Amino acid sequence: MLEDQVDSHRYYIWTIGCQMNKADSERLSSALEGLGLEEAAAPGEADVIVLNSCVVRQSAEDKVVGMMTSLKPLKQGNPQRIVALMGCMVGPKSGDLQKRFPYVDVFMRPQQYEPLIDLLGERLGIDVEGCLSNLAPVKPQISTYLPIIHGCDEFCSFCIIPYRRGRQVSRSIEDIVREVDLLVHRGVKEITLLGQTVDAYGQDLPDKPDLADLLTEVHSVEGLRRIRFLTSHPKYMSDRIIKAVGDLPKVCEHINLPFQAGDDEILQIMRRGYTSDDYRRLVDRIRATVPDVSMGTDVIVGFPGETDVQFQASLNLIRDIKFDKVHVAAYSTRPGTIAHRKMKDDIPSEDKKARVQAIEQLQESTVTNTNAELAGQVMDVLVEGRNRGQWQGRTRSNKLVFFSHEADALGELVDVRIEKTGPWSLQGVVLEKGLSVATR
Ligand code: SF4
């Protein structure tokens, strides 16, 4: 297929996992389009199929294996088709994976695009030199993710990421600002700066700039309307960064700050480097400096040895802080991690499920009440697209808002008066004045 249909090569990328994976897929897509390939609507229509995998939890890994298995007949039906497995499922040695999935042509670690690009170069007989030098998405979304740090230095005991993505490497401020500028010229209005520990940005760079320095520089890019950053680590959230969030108008008042556990003993075994009280004081400082900040968090339940009392500490923290968003995950042991080597995954799965449910119920009731307070308010919404016949966008605080409007509102910042609220989204009416003001 690849050799004889030179003009119509198509690729399909399937992605699972975190925003970093989504950003990696966008960047690979940019490289493939640079080589003249077009996106296919389904794997069966593609000459190149890439699965960008996640193994942070067993459920994600199971989905990747299911998807890999479903590709086997496609490869057998057309041996010229290239199948690639990318992402966190691929460790430094891919021998075991090669045995499990012999029909896969290329295995690539996160952000390691060269093996696929080189193979494509060979098959197409073209020079691929330089095609990975600029990976900014060619057709970016209005709101786009931009990786600023690769890897992580933390080695939390439950986490596989540092083993798969390697140690922390920050990109330079100049490189990031250049890419933001390019993306803005391609229509981007909102950038989310991405890192596993985004607030540790710059610690590995010669002059040790920090995230506050980077936010200030990115803020100066003309035409950019909003800046966000993900994911922060409580250990690195400095007063300087908090102040930058409060001071820089383009930086949205939204911080995702995983606490992972509310009990100090569990936090210590997780190797998180802070106590529950440290975390509460940090949230107080953020709220004192950034009024109306919305807070998100991640928490793991059913960590080895977690007692009911220890779980209650997580529940209490969630109840007290009243987060806007809580991502809750049941612990699943990941081979290769410290927890896997040293601890027994001893909490029964029905207990883990019950703990997940308890947090979800608490969060639903909390956010139902806090969102209800937004009714009648006029909120600044960046319109990202259409969904079920309505426009869809997000507030500065990252709330999802739907509204109807005749005119094309894509990419506009509009004023929306909130009329209906629910736990997961808001419904509003666009103010005409807001739409015309936003097109300025
Ligand atoms: S900070 Fe911890 S949980 Fe986050 S990526 Fe690094 S090791 Fe994993």
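Two strands count as paired here if DSSP finds at least two bridges between them. Please keep in mind that this is a predicted model. With that in hand, we can start with a sheet, move on to the helices beside it, and then visit one histidine and the ligand.

**The sheet**

- Three strands make up an open sheet, arranged in the order E6-E9-E10, and their pairing is parallel.
- Strand E6 (143-147) and strand E10 (226-230) are the edge strands, each of them pairing on one side only.
- On average, neighbouring strands of this sheet are turned by 25 degrees against each other, with direction ignored.
- Five bridges link E6 to strand E9 (residues 190-194), in the parallel sense.
- Within this pairing, Ser143 has Glu190 of E9 standing opposite.

- The crossing of H6 with H7 is right-handed.
- From H6, the contact is made by Ile173, Ile176, Val177 and Val180, while H7 brings Asp213, Leu214, Glu217 and Val218.
- Sorted by type, the residues of this H6 and H7 contact are six nonpolar, no polar and two charged.

**His254**

- His254 is found in strand E11 (residues 254-256).
- Is His254 buried or exposed? His254 is buried, because 25 other C-beta atoms lie within 10 Å and 20 or more are enough to count as buried.
- Leaving aside residues up to four places away in sequence, His254 touches Arg228, Val293, Ser294, Arg396, Ser397 and Asn398.
- Gly296 is 42 residues apart from His254 along the chain, with 7.7 Å separating the two C-alpha atoms.

**The ligand**

- Which residues surround the ligand? They are Cys152, Glu154, Phe155, Cys156, Cys159, Ile161, Pro162, Gln196, Thr197 and His233.
- By type, this shell around the ligand divides into six nonpolar residues, three polar and one charged.

How values were computed
Residues are numbered from 1 along each chain as its sequence is written. This is a predicted model: local features need pLDDT of at least 70, side-chain atom pairs count only at pLDDT 80 or more; totals for chains, interfaces and linings use all residues. Helices (H or I, at least four residues) and strands (E, at least two) are DSSP runs, numbered from the N terminus. Axes are lines fitted to C-alpha atoms, for helices over the stretch in contact, and angles run from 0 to 180 degrees between N-to-C directions. A residue is buried if 20 or more other C-beta atoms lie within 10 Å of its own, exposed if 12 or fewer, and partly exposed in between; C-beta atoms are placed from the backbone. Two residues are in contact if their C-beta atoms, placed from the backbone, lie within 7 Å. A residue is near a molecule or strand if its C-beta atom, placed from the backbone, lies within 6 Å of it. Ala, Val, Leu, Ile, Met, Phe, Trp, Tyr, Cys and Pro count as nonpolar, Asp, Glu, Lys and Arg as charged, and the others, Gly among them, as polar. A crossing is left-handed if the near helix is turned anticlockwise from the far one by less than a right angle, and right-handed if clockwise.
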